[in-house]
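Hello,

Here is the structure you are taking over. My notes follow below it.

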Amino acid sequence: MQEPEVLDKYREAGRILAEVRGEAIKKVKVGVKLLDVAESVERSIQQKGGAVAFPTNISLNEEAAHATPSEADASIFSRDLVKLDIGVHIDGYIADTAITIDLGNNKKLVEASNSALERAIDVVHADVDTAAISAVIEQTITDYGFHPVVNLTGHGLERYTQHAPPPIHNRRTQSGTKLKEGQVIAIEPFSSNGNGRVYETGKAEIFSLVKEKPVRSPEARAILKEIETYKSLPFARRWLKGRVDLGLKQLEAAGIIHAYPVLKDRGLVSQAEDTLIVTTDGSEVITRI
Ligand code: CO
């Protein structure tokens, strides 16, 4: 059971996040720059008194996750299937949400992940096994005629840790973990009209610190100093000052930071995600107003 003050921090993070998501939905339009949306999300989180938990993920079409614009990114939205995955933390307590904005013609695919999320939330309560949640997600998405993305999962949330146990799989599993009252989890079904399996591709724009170790290179040291403030939370290449490509490579090679390349499926992918606090008879969804 979490302390009440801790749960209040989660709730505050969730409230800010829900507001920012509402604003962002209105901004995503054909012709708008991805970078403008990403930066406005991150600015708005801070203006409302939150901290950015991870870089604004804007993943298009076959991309499922981990895409964020680079510093000089000039790309604009066209008739894309847009996944916006955003996070806020208060004192390390994170709320995580994602939505799909359909600028093209993929209504059913979006409905599949939305309705999988709704049904999954309906089965949550203290003592439920995560396997029951996973079964509902897979069933709902396959009923729509699509595949759940099997190698992406929902997750627990812990202080400064965005992907904490238990994993909440998007496909049936033999067994899972029993949820406890007061536990904070994010459920995130992904629905694909491809094969439902993502692979890593492209240049990573998102990183996180895994293990501090001494480094000689001045480029790498400068970055280490700068990223201290993010603790173990992900950060974007574009957040860093100056030329950082070499330093980031050195830190990655030394096992000090982890790079998150874009995750792509072989078909279009939609996503829906909310964060909730598990209660004895259900849950409190903190990322909705
Ligand atoms: Co998440």
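R266 lies over the face of Y199, 4.5 Å from the ring centre; a charge sits over a ring if NZ of Lys or CZ of Arg is within 6 Å of the ring centre and within 35 degrees of the ring normal. K231 has its charged end over the ring of Y160, at 5.3 Å from the centre.

The model is predicted, so local features need pLDDT of at least 70 and side-chain atom pairs pLDDT 80 or more, while totals for chains, interfaces and linings use all residues. Numbering runs from 1 along each chain as its sequence is written, and side-chain values use heavy atoms, without hydrogens and water.

Across the whole structure there are four aromatic pairs (ring centres of Phe, Tyr or Trp, the latter by its six-membered ring, within 6.5 Å; planes under 30 degrees apart are stacked, over 60 edge-to-face, the rest tilted). Ring pairs join F207, Y230, F235 and W239 into a cluster.

There is also an open, antiparallel sheet of five strands, ordered β8-β7-β9-β15-β16 (strands are DSSP runs of E, at least two residues, and helices of H or I, at least four, numbered from the N terminus; strands pair if DSSP finds at least two bridges between them). β8 (161–169) and β16 (282–285) are the edges; each has a single partner strand, so one side of each has no neighbour in the sheet. Antiparallel β15 (274–279) and β16 are joined by four bridges, and L276 has V285 in β16 as its bridge partner.

Regards
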